[in-house]
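Hi,

Here is the structure I promised to pass on. Have a look at it first, and then read my notes below.

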Amino acid sequence: MTIEGTVRELNEDGLGIVKVGRRRVLVPFSAPGDRVRIERTRKKKRKIIAERFEILEPSPIRKEPRCEYFGRCGGCLLQHLDYRDQLEFKRSKLNAILNEDVEIIPSPKIFGHRNRIDVVISTKGIGFRRYGTWWDVVDIEWCPVFGPSSKKVLKSLREFIEDHKVSLYEIGKNEGFLRYIVIREGKFTGDLVVNLVTGPGELPEDFPGYFPYADSIYWSVNRTPSDVSYGEIERFWGREFIREKLDGTIYLIHPNSFFQTNSYAAVELLREVAKRVEGGRVLDLYSGVGTFGVYLAREGFSVEGIELNPFAVEMANRNAELNGVDAKFKVGADRDVENLGAYDTVIVDPPRAGLHPKLVKRLVQKGPEKLIYVSCNPKTLARDLSELEEAYTITHMTGLDMFPHTPHVEVVVELRRQRFN
């Protein structure tokens, strides 16, 4: 059945909404005001999504996307919107979810800002997953969101494949030697690391010679049936780590480390958190590689960090030593943290699932005077805030656009403990 209609607004995932009677059909890569014809749909988790459609009359707010792969690649959904419209969409989204009018700090750069991309190397192509699929790939020459060095790396990779005729990943079959190439770049240092992820097998000895411009080259092996872009480190060439420098703080980055993917906006995030911190003693929960903790220690705070991942803790302590600061990081689980009230400020930056219920309970019962919640998922943030407001008052909320051209947005919430008579 063919459907014609006008996109009235975007849902929180950045998909256009076309109303058909009581139903809503979601249209990817569309803009409010687009007149569309939908020829085929699919159902996903009770949602109806347009799979084949055309734009009959483009919206006046639509603009020409910079990336030639837009509309096929699943990486960006909003590149056809002016950046001001993207920010307004995110502001409306936060308002709807958090019931707050939240100002959003723009990303200083909206192209070339991303410091990591995970590119699949498959028989379907070398690139990113086609939107709405796990089994298909859009073949790319480079990624404008990452920047020019992606073109250089992918060109070298293709030369290596052509010279050695190595087998490529057959998605869904767990077959093929080459699986992913992960590219990471220090935007403020220029350091570049290339991490080739393969299945079990032998890597030709001259592989590093194809990337003479890289500061660090890794070979990782995924020995599991999982379709993931990481594995056990088999070998590396060049430097063990690359470096990134955020507002004067230096961080070592390993291929398997988590790090904020937008270095330019990360500087704004660090500054926003730092100006909310009060007192001398700070606890950095979910501390990762010490992104917040090391930065705050350079600002003069006494910092302790707790993180579940032992390797991240090792990296955080290395980063503290590298910067010569008073920050100590240790392995621990969020739900087991006690003595929260002994700190002047506690920073929490949990994964998308949000805070553990036991931690929320402890914060309510015996939390610090100041709590700073950093979240990449407004929904779980809203859930946690509804419980924390039993003991805390929200005193400030700021959004940061860490992810231009996507529906995602980061939020920093400042909370102060209530005083009961």
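Two strands are said to pair if DSSP finds at least two bridges between them. With that in mind, β4 and strand β6 (residues 47–57) pair in the parallel sense, over two bridges. Within this pairing, Leu26 stands opposite Ile49 in β6. Before going on, please note that this is a predicted model.

**The sheets**

β4 and β6 belong to an open sheet of six strands, in the order β1-β5-β6-β4-β3-β2, and its pairing is mixed. At the edges are β1 (3–6) and β2 (9–10), each of which pairs on one side only.

There is also an open sheet of seven strands, again with mixed pairing, in the order β10-β9-β8-β11-β12-β13-β14. Here β10 (137–139) and β14 (232–238) are the edge strands; each has a single partner strand, so one side of each has no neighbour in the sheet. From one strand to the next, the twist averages 30°. Inside this sheet, β11 (residues 178–185) and β12 (residues 192–198) run antiparallel and are joined by seven bridges. Ile181 has Leu196 in β12 as its bridge partner.

Helix α2 (residues 149–164) lies across β8 (116–122), β9 (125–129), β10, β11 and β12, and it runs at about 150° to β11.

**The cores**

Which residues have the most contacts inside the largest nonpolar core? They are Leu157, Ile181 and Phe211, in a core of 49 residues. The elements giving two or more residues to this core are β8, β9, α2, β11, β12 and β13 (216–221), and α2 gives the most, with five.

A second, separate core has 40 residues, among them Tyr218, Ala265, Leu270 and Val412.

**Salt bridges**

The structure holds 40 salt bridges. In one of them, the side chains of Asp101 and Arg91 meet at 2.8 Å, N to O. Asp101 is in the loop between α1 (83–98) and β7 (104–105) and Arg91 is in helix α1, so this pair ties together parts that are ten residues apart in sequence. Arg91 is partly exposed, at 24% relative accessibility.

The side chain of Glu278 meets that of Lys370 in a salt bridge of 3.2 Å, N to O. Since Lys370 is in strand β21 (residues 370–375) and Glu278 in the loop between α3 (263–274) and β17, the pair ties together parts 92 residues apart in sequence. Lys370 is buried, with a relative accessible area of 1%, whereas Glu278 is partly exposed at 35%.

Glu278 also forms a salt bridge with Arg416 (2.7 Å, N to O). That pair links distant parts of the chain, as Arg416 sits in strand β23 (residues 410–417), 138 residues apart from Glu278. Glu278, Lys370 and Arg416 are among the residues linked in a network of salt bridges, which also includes Glu272 and Glu414.

Phe29, in the loop between β4 (23–27) and β5 (35–44), has a phi near 60°, a positive value in a residue other than glycine. Tyr286 has a positive phi of about 60° as well, although it is not a glycine; Tyr286 lies in the loop between β17 (281–285) and α4 (291–298). Phe29 is buried, at 7% relative accessible area, and Tyr286 is buried at 15%.

Cheers

How values were computed:
Residues numbered from 1 in each chain as written. Predicted model: local features only at pLDDT ≥ 70, side-chain atom pairs only at ≥ 80, totals over all residues. Heavy atoms only, no water. Helix = DSSP H or I, 4+ residues; strand = E, 2+ residues; numbered from the N terminus. Buried < 20%, exposed > 50% of the residue type's maximum accessible area, 1.4 Å probe, protein only. Axes fitted to C-alpha atoms, helices over the stretch in contact; angles between N-to-C directions. Contact = heavy atoms within 4.5 Å. Core = buried A, V, L, I, M, F, W, Y, C linked by side-chain atoms within 4.5 Å. Salt bridge = Lys/Arg side-chain N within 4 Å of Asp/Glu carboxyl O.
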